[in-house]
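Open the structure in your viewer and get ready to pick out some side chains.

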Amino acid sequence: MNRLVTLLFLLLSTVVLFAQDRNCGSMNVLEQQLLQDPEMATRMEAIERHTEQFVRTHQEGDRVVITIPVVFHIVHNGDALGTSENISDALVQAQLAQLNQDFSLTNSDAGLIPALFQPVAANTEIQFCLAQRKPDGTATNGINRVNGGQASWTVSQIDGSLKPSTIWDRNQYLNVWSVVFGGADAGLLGYAQFPGGSASTDGVVCLWSSMGSVANPNPSGGSYARGRTATHEIGHWLNLRHIWGDANCGNDQVADTPVHNTSNGGCPAYPHLSTCSGTPVEMTMNYMDYTYDACMYMFTAGQKARMQAVLATGGSRVSLATSQGCQPPSGGGTCGTPSGLNATAVTSTTATLNWSAVSGATSYNVQLRPVGSGTWSSGSTSGTSINATSLIASTQYEFQVQAVCGATSGSFSASGIFTTTSGQACTDNYEPNNSRSTSLPLTPIATDRVAQIASTTDKDWYRFANTSAQRNIRVDLTNLPADYDLQLYQNNTRRRTSENGGTTSEVVTYNTTTVASNWYAYVYGYAGAYSTTQCYTLRITLSSSAFRSDGTTDGETTEFEIPVEVLESNFIMFPNPAQNELTLDIHMEDERPVQVSIMDITGKTLLRNSYELGKDQNRVTMDVSKLAAGMYVVRVEDGETVGVQKLTIARQ
C-alpha cells in the first residue's frame, strides 16, 4: 500500500471514532473535504513529505520568531457589542494574549508540567498579532464584526457561505471565526482546516463561549472558557494531529509525544497510563488532547518543528512569515493604531492608562468602560498616558486608544484590560492555615474575614461550630481576584462544593440536623490560581431557618437536600448561564438509560427527559427556552450514579 493510499485510509477510517468531551470537528471536516476534493490528498501528501524533511533537519524547529497576523470574525445575530456571541473586544484581546502565551510557553500554568515532560516542553517561536491593516491597505484593529442574520450555524453553512463571504486573504492572515454552532453541529467547540485545503474556507472556527483566557475566562464557557479551543484548533491549522493519532494507539507523526490509546477528557490525574504497548504515561496536558482548558498547558519540541515546517521555505503557509498584516498603514494621509496598551498604578478607584506612541500623532482619544458595559467614557490627551479616576473597586475594565494625526484619525486599538483592586487592606494575618490541622478557629462567626491566596500552593482552612439553635450553614466567598473555589467539610467528610468559573463569588448552603464543633470552610485556587496583591472575603452565617437554594431564608422553604453521595458530578454542561439550549456531556462506562431532570430551587421538577446513552453517544441537548431567568438544579441519573449541578438561566 503506497503512502498516499495509506494516508487516505487512515483519515477516512478513523475520523469518526472519538467524539468525546472536547468535540473538535477538524477530522470530520477533513474527511468531507477529502471526499469532495480528491486532489486535496495529493496536496497533503506533498506537505507531509516537506514536513518530514524539515523535521529531520530541524528536530526542534528554528529559533526565529514568526508573527502571524490574525483577523477575528465575530459572527452574531444583531446583538449589542459585548453581549452573547457578539463578544467584547476585551475577550478577543484576552484570547490573542492566551495564544501568544501558549505558543511561547509563557502561559501561567506552564509550571504544572510534570518533571517527566519538562525536557520536551517547547516555545514554538510562533506568535500572533491582531491585524493592523486590511487586505485593501486601510487600517483595522483586527476585529471584524459580522451580523450573520441567523442565530446559529452548521459547518456546512459556515464553509458554504459564511467563510467565502468574509474571509481575508489566507496567504496574509489567519482567519478565526467566532460563532454559535447549531443544528447537527450544536455540540462542536471548534474546527480547523488543515494545510492543503481550499483558499475560500481556510482558517479556524471556534464556539463563541470558548473565546477567552486563563486570566479572563469567558463567563459562558464553563470548562472550555480559557481560550484553549483556539490553541488546539490553530495547532490543527499548523498541521498538528490529535495526540492519540485519531486511532487506537495511533500515530500523531510526532516523535516526542507518548502513545495514547485514545483521547482524554476532563482533568485526568497524573500519571495517567496508556493501555498501549509499554503502558507509557500519557501527556494529557498537551494542547492536542481533549482535556478541559485548565488541564492542558504544553506543546512539545516535535510539535513545534512540525508546525514550523508549514511556515518555512517550501511550506504551504510560508507567505504568512512575510505578511505585512501586523504593520499599520503608513503614508497617504493615514494614521496608525496605538499598541502596547497597559495599565499601571491600579488602585480600587484609579489607574494610569498607557500606550506606545504613533508616528505623526498630535493627540490621542481614549475610551474606557467596565467589561460588558454598553457605555464608554471618553477623554483625550497629547501624551501617551492618561489618568482614569472614579473607578469601581474589584471591577474589570477595558480601554481603547485612537491616534489623531492632524486632520486624520486612525482606528481605535484593540482593548487593553485591567482589574481594579478590592480597596481592602490585603494583609493575610491568618497563616499558617494551609491544612485542616492548622485551620483558623472562627469566633465570632458572622464576621467578614479578609484573607489571601498568595501562591499556587497556598490554601486556607477555617474551623467553626454550629449550635442546636442555629444549625443551618451558609458560607459566602466574595471579592475574588481569581478563580477560587470553596468546599464545606464536617470533619473529614465533604458536604458541599462551589466551583463556578468566571465569577467573583462562591456560596454554599447546608441545611442539617448535625450539631458539631468540627465544621470546616476550605478555600483554594482552581488550577493554582492566586493573587499576590488582592484579598478575598469569607463570611460564615448560621440560621435556625433552612436556607433556600438562593441563599436566603425568606418565605416558605421546601427542604431540597442534595445527598452527600451524589455531590461528585458525572457530567459537564454548557453554556452556563444558558439561554435557549443546554448541552450535557455525560460520563458513560457502558450503554444504559439516563434520565435528566431540571428542577427549580424548591426541588420541583420542571423538565425531565430520558435517553439511551453509551460511551460513544454521550451528548444530549435540552430546550430551556421556556424557563424563566433564575437559578435551577440539573440532575442526571444513570441507574448507578446521580450527578447534580447548579444551572443559571439568563434572559436578555
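**A tour of the rings**

Start by selecting Arg241 and Phe194: the charged end of Arg241 sits over the ring of Phe194, 4.7 Å from its centre. Here a charge counts as over a ring if NZ of Lys or CZ of Arg is within 6 Å of the ring centre and within 35 degrees of the ring normal. This is a predicted model, where local features need pLDDT of at least 70 and side-chain atom pairs count only at pLDDT 80 or more, while totals for chains, interfaces and linings use all residues. Residues are numbered from 1 along each chain as its sequence is written, and side-chain values use heavy atoms, leaving out hydrogens and water.

Next, pick Arg436, which lies over the face of Tyr520 at 5.5 Å from the ring centre. Rings of Phe, Tyr and Trp (its six-membered ring) pair if their centres lie within 6.5 Å; planes under 30 degrees apart are stacked, over 60 edge-to-face, and the rest tilted. The model has 18 aromatic pairs by this rule.

For one of them, select Phe181 and Tyr191: their centres are 6.3 Å apart and their planes at 50 degrees, so the pair is tilted. Phe181 is in the loop between strand E4 (174–179) and strand E5 (190–192), and Tyr191 is in strand E5, 10 residues away. Strands are DSSP runs of at least two residues, helices (H or I) of at least four, numbered from the N terminus. Is Tyr191 buried or exposed? Tyr191 is buried, at 1% relative accessible area, and Phe181 is buried at 4%; buried means under 20%, exposed over 50%, partly exposed in between (1.4 Å probe, protein chains only).

Finish at Tyr224 and Phe574, whose ring centres are 6.4 Å apart with planes at 85 degrees, so this pair is edge-to-face.
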